[in-house]
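Reader: I would like to go through this structure with you. Please tell me what each label rests on.

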Amino acid sequence: MSLPILLNGFRLSAMPRRSLFSTLNTDNDRVLVIIQLNGGNDGLNMLIPLDQYDNLANARLNILIPEVEILNMTDTLGFHPQMSGVLDLYNNAKLNIIQSVGYPEQNRSHFRSTDIWTSGSPADESWTTGWLGRYFESNHAEFPEGYPNEEFPHPFAITMGSIVSETCQGSAANFSMTLNDPFSLTPLTQGAPGDVPETPYGEELEFLRTTIAQSNAYAETITEAAETGANRVDYPEGNRLGEQLKNVALLISGGLQTKVYVVSIGGFDTHANQVEAGKPLVGEHSTLLQNLSEAIAAFQADLQAQSLEQRVIGMTFSEFGRQIRSNDSFGTDHGSAAPLMVFGPCVNPGVLGDNPEIPDQVEPQSGIPMQFDFRDVYGSVLMDWFEVAEEEVRTLLHNDFQYMPVLQPCSTVSAQEAIRFEQEIEAEAFPNPFRNWATIRFRSEGEWVRLSIFNALGNEIRVLSNRRLPAGQHEVKFDGHGLPAGNYYFRLQLDGRQKTKRMLKL
Amino acid sequence: MDRRATIATLLGRKPGAAQPVAAPLVNSGLEPYSGPWGYEQAAHLLRRSMFAPTYEQIKTAEGQGMNSTIEQLFAPVPAPAPPLNHFYQDDPLVPVGQTWVDAPYYDDVNARGYRRQSLRAWTMELLFNEGVSIREKLTLFWHNHFAVSNVNDAKYLYKHISLLRKYAWGNFRELVKEVTIDPAMLQFLNGNQNSQNAPNENFARELLELFTIGKGPLADSGDYTHYTEEDIRQMARVLTGWRDVGLFSTNPDVEVGSVFLPFRHDTGAKQLSHRFDNTVINDLGDQEYAHLIDVIFQKDEVARFICRKLYRWFIYYVIDENAEQNVIQPMAQMLVDNDYEIRPALEALLSSAHFFDMLNVGPMIKNPLDFILSSIKTFGVEFPPGLGARYNAYLRLFSSSVLQQMEYYAPPQVAGWKAYYQEPQYYRTWINATTLPVRMLITDTITTSGFPAGDFRVRIAPLAFVETIENPNDPNALIEEFVRILFPQPITDDQKAALKEVLIPGLPDFEWTVEYNLYLANPDDEELAEAVATKLRQLLQAMLSMPEFYLS
């Protein structure tokens with residue numbers, strides 16, 4: 001089950017790491033497609049921890065999918081019934097799921113949390129650049145001065161929509177350009193052609209629209225790619241995400257060398273009517289997940305049909321998950337961590353991390369505590385997909401970066417045969433439940449040990465250890481005096497391995 | 001030709017054919033505007049009379065009404081304090097923080113550069129702080145009109161622009177007189193080389209063709225209806241004898257100015273053509289040039305000529321039959337009746353039914369200075385406190401205007417910037433593949449990261465501004481108000497929906513209310529404030545990149 005991640009006696013994660021792929025393909029033509037789920041996706045309704053079902057039923061009965069309807073992935077984990085397309089990716093070893101991704105000091109403001117996720121900043125700092133913008137800028141410091149040019153004739157990134165993605169914001173300019181329709185470079189906010197009045201104002205406006213569209217520096221390369229490219233499958237109708245991904249596939253197929261595409265789907269802010277009353281299988285969230293799953297499935301099929309899929313990975317993110325308890329409006333409120341999906345044949349297929357633990361008594365406002373830091377996901381993708389050195393990832397994201405095996409050299413193994421990358425961490429808290437003192441006992445192999453306590457809102461409230469410990473068994477005491485009774489979680493990080501477990505204070 | 005047909009022609013369409021013969025789009029004339037007065041009218045008046053009014057200025061104008069606003073626009077404003085040495089340590093005569101406008105040069109030529117930079121920064125600052133006054137817009141109008149360029153001595157330029165500013169809405173004839181012997185103009189059009197023995201016609205030609213009466217149709221060989229080639233020759237003789245003094249002078253006793261040198265002056269009689277009623281101009285020494293200007297201004301065509309230019313500066317570039325008959329003609333008559341005082345005629349234009357005609361609202365493509373200033377002034381942008389950093393920030397804006405093909409103190413032609421004379425493109429010459437990315441860049445920069453000026457970043461600070469609008473916590477009201485602030489005409493519901501998607505992507509409306517109120521309730525939470533500010537900046541970035549914002 002567990003793979004010894006050892007090489008000549010060194011743990012891989014302790015070494016400066018080069019890309020897993022660099023020997024396979026020196027001419028990096030890889031594409032990253034980011035799918036932003038705007039509003040805060042209810043991870044617990046998308047990916048249901050079957051081993052927690054009874055406690056989920058206690059906390060969110062009015063929205064919970066009936067157990068028999070859940071699409072089983074593993075014995076303990078299943079998808080929402082509308083996500084058969086994504087389940088197929090899993091069964092074909094093209095899906096990596098990372099459980100409980102978030103950040104310490106969860107902020108439940110949409111804006112603030114989106115800023116954190118797009119900039120890659122710590123929760124207590126505001127950064128003006130995006131995580132991908134910084135990556136691009138590390139290679140193209142002068143941008144946009146002198147771009148496009150002969151060596152880089154194509155846009156570095158494209159945001160499908162009307163406004164450039166903050167993920168691609170550099171210090172001087174945004175590295176992404178917006179695109180609604182690859183055949184007409186007029187941004188949506190400029191209005192549909194022909195809707196100008198027949199007045200001098202209208203005539204001048206028309207002139208400006210046309211000239212702006214024509215003078216886009218990348219107009220020629222994009223139009224050429226759109227005209228050369230093709231789509232080989234049918235995409236779901238009336239699915240805006242599908243339309244965006246269809247255009248992404250078209251442009252990749254047409255030879256556009258753009259490295260990052262950002263697409264988005266809104267509506268995940270399901271405070272109310274997440275499901276219809278008494279019909280947990282239908283409702284807004286169900287429709288969203290259906291759109292998401294069908295769009296991804298069609299996109300992947302299109303890439304596969306054109307033999308392009310080994311060049312492309314996709315990754316979802318959302319500003320936060322939602323609370324464990326549902327509300328009386330058949331919805332859920334802003335929460336904390338949630339699962340993140342990475343797809344494509346080059347992912348490390350399977351599930352990273354443990355199922356979230358649902359307490360039998362869920363306090364109001366409780367969210368899912370983080371197991372993985374989103375910046376570690378980003379950094380690992382940068383390393384393995386874009387061949388960024390680990391030291392640089394630390395500079396671009398955070399100094400405590402821990403590599404995660406999200407990707408692997410492209411292969412076609414099935415999920416059952418997939419390499420298991422994670423060595424099980426042995427750790428427990430006792431007594432559990434506890435009154436004032438709890439002890440966390442764990443075994444380590446000499447790694448850097450970060451042990452911290454999270455409250456039910458998903459905020460890291462205590463750091464018990466943050467240093468290298470010798471190999472062996474350890475016991476660390478946690479003083480819970482003065483803390484309100486309720487659920488807490490310890491999160492143990494041993495270099496790149498993480499475990500989050502619940503403990504109950506009486 | 002009526003306006004619609006004219007526009008169709010400009011667009012390369014064939015007039016007539018399938019289209020019914022349309023009545024002129026605009027029938028209104030110079031008669032006083034008597035329609036409703038509201039935010040839209042106040043905004044239109046101020047946008048055209050200033051380099052971008054602030055929201056507050058528009059609201060005030062809305063409250064005080066049209067007449068008071070016009071009065072305020074034309075109210076006397078004291079001359080601005082002169083430009084300062086903002087950083088240059090090596091000028092022995094001008095310490096940093098002092099003005100150089102009366103200081104001589106010295107042997108080190110480097111002082112020339114900092115003074116020019118200082119003049120540019122100072123000019124941008126003047127535009128930024130113009131207040132509710134039409135003076136700066138008129139100063140640039142005259143600069144476009146006389147188009148002095150290729151003069152490198154900042155002291156000359158300062159004196160020249162101060163002259164134009166002094167006359168902003170003053171007497172056109174007296175302004176032409178002063179400009180004729182202005183040292184920068186003497187340098188620019190070679191008046192300083194014009195002597196009895198070596199007459200130089202350069203200035204005389206432009207005086208007629210571009211500055212006063214304009215060139216009419218060719219009536220006969222050498223006869224341009226309003227004047228003849230012979231008139232140019234004769235008038236050049238009238239203007240002989242003038243020299244500028246003080247160019248880059250290091251002599252502390254020499255002030256920048258002009259002198260009349262009788263020995264260089266042609267004292268003979270000058271016989272004008274029948275176009276000037278065969279007038280003979282006899283020797284009047286250093287007053288002869290002024291007499292010549294009086295003679296030219298006897299012709300009412302001068303009034304029509306300048307009124308057309310004012311029309312293209314303040315209203316639109318197409319002057320159709322209606323505009324010629326019902327606006328230009330009566331306005332020119334008013335100018336003549338008022339002895340060429342600009343103010344009454346221009347006030348009449350800016351308070352006319354024609355000016356406020358809905359069809360005249362919005363079709364003007366902003367020139368680069370208008371564009372830059374409207375992108376920063378509307379929302380309040382702070383500049384760094386120190387003189388050097390502040391001037392440098394203004395120089396950044398100045399450079400952007402240069403890249404957008406409008407450089408203050410350097411009109412590209414004697415005729416000025418093409419946008420105001422070049423058929424058929426006119427305003428559209430501002431927009432091309434070179435200038436568009438520069439326009440996009442400046443609005444992107446100013447709305448997102450800002451540009452550095454010392455330790456300071458000059459960028460839009462939207463939070464304080466947003467509090468001044470009604471119901472800022474309602475995303476629909478917010479967008480509606482932003483549209484009114486930024487765009488000359490309404491936009492479609494689809495566009496508003498797209499903008500809301502920028503402000504609150506994929507979120508229901510109430511989340512904006514929740515987040516905005518959360519920020520209000522936690523004024524000390526910097527991250528929260530920054531998060532709300534970021535959303536507003538994204539909205540502004542999107543709106544400022546829309547072509548609607550390019551129009552006034």
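The questions below take up the labels one by one.

Author: One point before we start: this is a predicted model.

Reader: How many of the residues in chain B are buried, as a percentage?

Author: Buried residues make up 48% of the 552. To be counted, a residue needs 20 or more other C-beta atoms within 10 Å of its own.

Reader: Why is helix 10 of chain B called mostly covered?

Author: Apply that cut-off of 20 or more C-beta atoms within 10 Å. In helix 10 (residues 202-212), 8 of the 11 residues pass as buried, so the helix is called mostly covered. Among them are B:Phe203, B:Leu207, B:Leu210 and B:Phe211. B:Arg205 is buried too.

Reader: What covers the buried residues of helix 10 of chain B?

Author: The cover includes helix 6 (135-146), helix 8 (172-180), helix 11 (229-238), helix 12 (288-296) and helix 13 (301-314) of chain B. After helix 10 comes B:Gly214, with a positive phi near 80°.

Reader: Which residues touch the most other members of the largest nonpolar core?

Author: They are A:Ile313, A:Val377, B:Cys307 and B:Met331, in a core of 263 residues. Helix 24 of chain B gives the most to this core, 10 residues. Membership takes buried residues of the listed nonpolar types, joined through C-beta atoms within 7 Å.

Reader: What does A:Ile313 touch?

Author: Leaving out residues up to four places away in sequence, A:Ile313 touches A:Leu32, A:Val342, A:Phe343, A:Gly344, A:Cys346, A:Val347, A:Trp385 and A:Leu407. A second, separate core of 15 residues includes A:Ala438 and A:Phe478.

Reader: How many residues does each chain give to the contact between chain A and chain B?

Author: Chain B gives 49 and chain A gives 42. Helix 24 of chain B supplies the largest share of chain B's side, 9 residues. That side divides into 28 nonpolar, 10 polar and 11 charged residues.

Reader: Where are the two domains of chain B, and how far apart are their centres?

Author: Domain 1 covers 171-299 and domain 2 covers 368-550. Their C-alpha centres lie 45 Å apart.

Technical notes
Residues numbered from 1 in each chain as written. Chains lettered and ligands numbered in written order. Predicted model: local features only at pLDDT ≥ 70, side-chain atom pairs only at ≥ 80, totals over all residues. Buried ≥ 20, exposed ≤ 12 C-beta atoms within 10 Å, placed from the backbone. Contact = placed C-beta atoms within 7 Å. Helix = DSSP H or I, 4+ residues; strand = E, 2+ residues; numbered from the N terminus. Nonpolar A, V, L, I, M, F, W, Y, C, P; charged D, E, K, R; others polar. Domains from an automatic or database assignment.
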